[in-house]
Amino acid sequence: LTAAGIAIAIGTAFVAATLLAGDIMRRISYDSITASYGTADLIGSSPQALSDATMDAVRAQPGVAAAEPRVIVPYIRLTAGTKEISQTFVPVPGDEAFDTQHVTAGELPTGDDEVALPERSAERLGVELGDTVTVSYNEWEQRDTGAEGEETVVRERDQDVTVVALTTDPTSAWAQYDGVGMSTTDALLRWSGWGQGSGTQPLEVADSDQVLVALEPGADTAAVQEAVRGVPVDGDHRGLLRTPTQLLTV
């Protein structure tokens with residue numbers, strides 16, 4: 001009986017440990033994915049790239065405190081002296097609900113010539129607060145060729161920017177990118193590599209199809225969800241708004 005009791009205890013402990021480990025792994029995976037959305041109350045998914053007009057319409061809906069497109073610009077080339085890295089960037093959040101990073105030094109960028117870098121990236125580049133790094137990106141131009149019409153020319157541009165903040169990623173929100181840098185939305189649209197000319201670029205350049213929404217205190221989630229779902233996206237198309245949980249389980 002003693003031997004049988006020990007075997008049952010060991011088997012029960014093994015099953016319990018397996019279930020607990022599975023729950024922990026699922027929780028870690030879920031948290032890692034949702035962490036990149038900050039504490040957004042709703043996540044909208046658009047059938048096509050979001051425009052500035054669509055974002056303005058979402059922000060105008062009753063119960064919406066803030067709304068931002070989820071812009072991710074990967075593979076931006078940064079150089080400092082003889083050192084070079086490829087860095088993914090996201091915009092500086094306009095609302096704390098969409099903040100995913102922790103500033104360890106300095107203050108977040110407010111100008112197009114400023115960047116925040118992960119501590120590890122700054123270390124790899126050998127730079128500190130106040131130092132200058134060079135951003136390299138492509139710029140597309142339509143050039144008139146006379147009788148032959150127009151041709152598209154790709155030009156590589158360099159822009160010197162100042163490191164104004166260092167950050168960490170406490171929730172591993174961007175672990176798949178080995179961390180993210182931050183700058184203004186206008187700067188990132190230009191650095192994305194798909195900008196047309198040197199002027200201000202439209203939001204469509206980012207090819208973003210997700211919008212993050214923070215609700216006003218006391219707002220009814222279902223009512224806001226329905227209101228934003230009715231926002232037109234380029235004509236007859238409609239956006240589909242989901243909660244973070246629905247987004248992950250559908």
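The lining of the largest pocket, by class, has 14 nonpolar, 6 polar and 7 charged residues. Here Ala, Val, Leu, Ile, Met, Phe, Trp, Tyr, Cys and Pro count as nonpolar, Asp, Glu, Lys and Arg as charged, and the others, Gly among them, as polar. This is a predicted model, in which local features need pLDDT of at least 70 and side-chain atom pairs count only at pLDDT 80 or more, while totals for chains, interfaces and linings use all residues. Residues are numbered from 1 along each chain as its sequence is written, and side-chain values use heavy atoms, with hydrogens and water left out.

A word on terms. On a 1 Å grid over the protein atoms alone, a pocket is an open set of points where a 1.4 Å probe fits, with protein on both sides within 12 Å along at least five of seven lines; lining residues have an atom within 4 Å of a point.

Back to the largest pocket. Of its 27 lining residues, Glu68, Pro69, Pro91, Val92 and Thr185 lie nearest the centre. At least two lining residues each come from α2 (52-59), β2 (64-69), β4 (83-91) and α4 (185-191). Which of them gives the most? That is α2, with 4 residues. Helices (H or I, at least four residues) and strands (E, at least two) are DSSP runs, numbered from the N terminus.

Now the second largest pocket. Its lining has 17 residues, and Pro74, Tyr75, Trp191, Ser192 and Gly193 are the closest to its centre. β3 (73-80) and β7 (132-144) each supply at least two lining residues, and β3 has the largest share, 5 residues. By class, this lining divides into 10 nonpolar, 4 polar and 3 charged.
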